[in-house]
Amino acid sequence: MKPLFHPALVNDPFGDPGVYVDCLFQKRALLFDLGDIRALAPRKILRLSDVFVSHTHMDHFVGFDWLLRICLGRQLVTRFYGPPGFLDQVEHRLRGYTWNLVENYDTDFALEVTEVHPSGDARRAVFRCKSAFRREDEKALARTDDVLLDEEFFLVRGVLLDHKTPCLGFALEEKEHLNIWKNGLDDMGLPTGPWLQDLKRLVRRGAPDDHSVRVAWHDSAGLHERVFPLGEIKEKAVRIVPGQKIAYVTDVVYHEENARRIAELAADADVLFIETPFLDQDAARAASRFHLTARQAGLLARRAAAKTVIPFHFSPRYDDAGAALRQEMALALGAGG
Ligand SMILES: [Zn+2]
Ligand SMILES: [Zn+2]
C-alpha cells in the first residue's frame, strides 16, 4: 500500500526548521513551519494548500515573504495557521509593502489565516491581494479535539505548547485507509472502475449497511447493472486499515505539562519530527532557552510510542557534531533512562 503522505525536512537539521508534506494523488502539499524555504522549488511552494506555523520566532516565519513573492499574481488561496497574535503579525508583515497597483491584477491571491487561542477556539480572517491585503471577514471559530483542518482524507490537529510563548505542535492524521480486495470483487462478479471511488466515499461517510449500491458497467457482452447492499460489498471486498500519522514538535521546554501534551498529540505516530537542539550536558542552556535536549526528545518520542523519529533543529554550536545529537536521542528512545 502506498502511503498518502510523503514528509521531508525542508533544510538540513542545522538549517531553519520545516517539514514539507507532499500528498499523493492530490496536487497539493502541506508545510509545517515557514522558516527559510528557498530550498523548495517554486512549483512546490505553489502546491501548498495549508501552511502551519508553530510560532513566529524568525527561524520559523522568515519564509513568509518568499512564499508571498512566489504566490503573488497567481489565482490561489493559501491557508495559514498560527498561535495567538498570528492575525496581527500576518497583517503587519503584509503592511510592510506598498500595494497601490494590485486592484488591477487579473488574479487574486488570498491568504486565509487562522490563529489558535489557549481556550481551544480560534479566529479567522482573509487577506486578499485585490483588497490590498486588508484584513477582512474576521470571525470566531469553535474547535473540537484541537482540530485545525478536517478534510475527506485527513485532519490536522494543533496543540499549544510552552516555549515561553505559545507554540503549536501539530499532528497530521490520515483517516482510515480503505483497500479494495480484488478477489472479493471477482467473487461477486463485479469489475473495478470509477464506481469504487463512490463506494469508498460511502464507507468513509459511515453510510448504513442496507444502503443500495448500484454498479453499472460495459464490456464485450454489453451493458450490465447490479445492485448490492453496501454491507455485503464491505464485508467481501473492502479492507479497512488505519491511516498514516505524522507529528511535528519543535521549540518546547521540557516539563510535565508539555510532555503530557506532546505524548498525547504524537501518540503512535508513524513519523515524529522532534527538535533536538542541545546535548544533555547543556541541559541548563536548553531549559533557559525553552528548548529540549536530544535526550529529552528521545524520552518524549518513547513516551509517545512513535515508530520512526526524525530529529532536527540542531543548534549551530554543535557544528559538525550532529551525530552526537542523533546518538543521544536514539539512546534515550531505546533505553528510557
Ligand atoms: Zn526555533
Ligand atoms: Zn522558538
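In this predicted model, the site of the zinc ion (ligand 2) is irregular, with angles of 89 to 171° among its 4 donor atoms. The ideal angle for four tetrahedral donors at a metal is 109.5 degrees. The protein donors are His 55 (NE2), His 57 (ND1), His 163 (NE2) and Asp 251 (OD), which lie 2.2 to 2.3 Å from the zinc ion (ligand 2). Along the chain, these donors follow the spacing H-x1-H-x105-H-x87-D.

A distance of 3.6 Å separates the zinc ion (ligand 2) from the zinc ion (ligand 1), and Asp 251 coordinates both. His 57 is located in the loop between strand 4 (48-52) and helix 2 (58-61), and Asp 251 in the loop between strand 16 (245-249) and helix 8, so the pair ties together parts that are 194 residues apart in sequence. His 57 counts as partly exposed, because its relative accessibility is 37%, whereas Asp 251, at 1%, counts as buried.

The largest pocket holds about 380 Å³ of space. Its lining consists of 16 residues, and Phe 25, Phe 153, His 177, Lys 200 and Arg 204 lie nearest its centre. Strand 12 (177-180) and helix 6 (195-205) are the elements that give two or more residues to this lining; strand 12 provides the largest share, 4 residues. By type, the lining of the largest pocket comprises 6 nonpolar, 4 polar and 6 charged residues.

The second largest pocket holds about 250 Å³. It is lined by 16 residues, of which Asp 146, Gly 158, Val 159, Arg 261 and Glu 264 are the closest to its centre. Strand 10 (154-162) and helix 8 (256-265) each give two or more residues to the lining, which divides into 5 nonpolar, 3 polar and 8 charged residues.

Key: Residues numbered from 1 in each chain as written. Chains lettered and ligands numbered in written order. Predicted model: local features only at pLDDT ≥ 70, side-chain atom pairs only at ≥ 80, totals over all residues. Heavy atoms only, no water. 1 Å grid on protein atoms, 1.4 Å probe; cavity = no way out; pocket = protein on both sides within 12 Å on 5 of 7 lines; lining within 4 Å. Points joined across faces, edges and corners; volume = space filled by probe spheres on them. Nonpolar A, V, L, I, M, F, W, Y, C, P; charged D, E, K, R; others polar. Donors = N, O, S within 2.8 Å, 3.2 Å for Na, K, Ca; no water. Tetrahedral: all angles 85-135°; square planar, octahedral: opposite > 155°, others 65-115°. Buried < 20%, exposed > 50% of the residue type's maximum accessible area, 1.4 Å probe, protein only.
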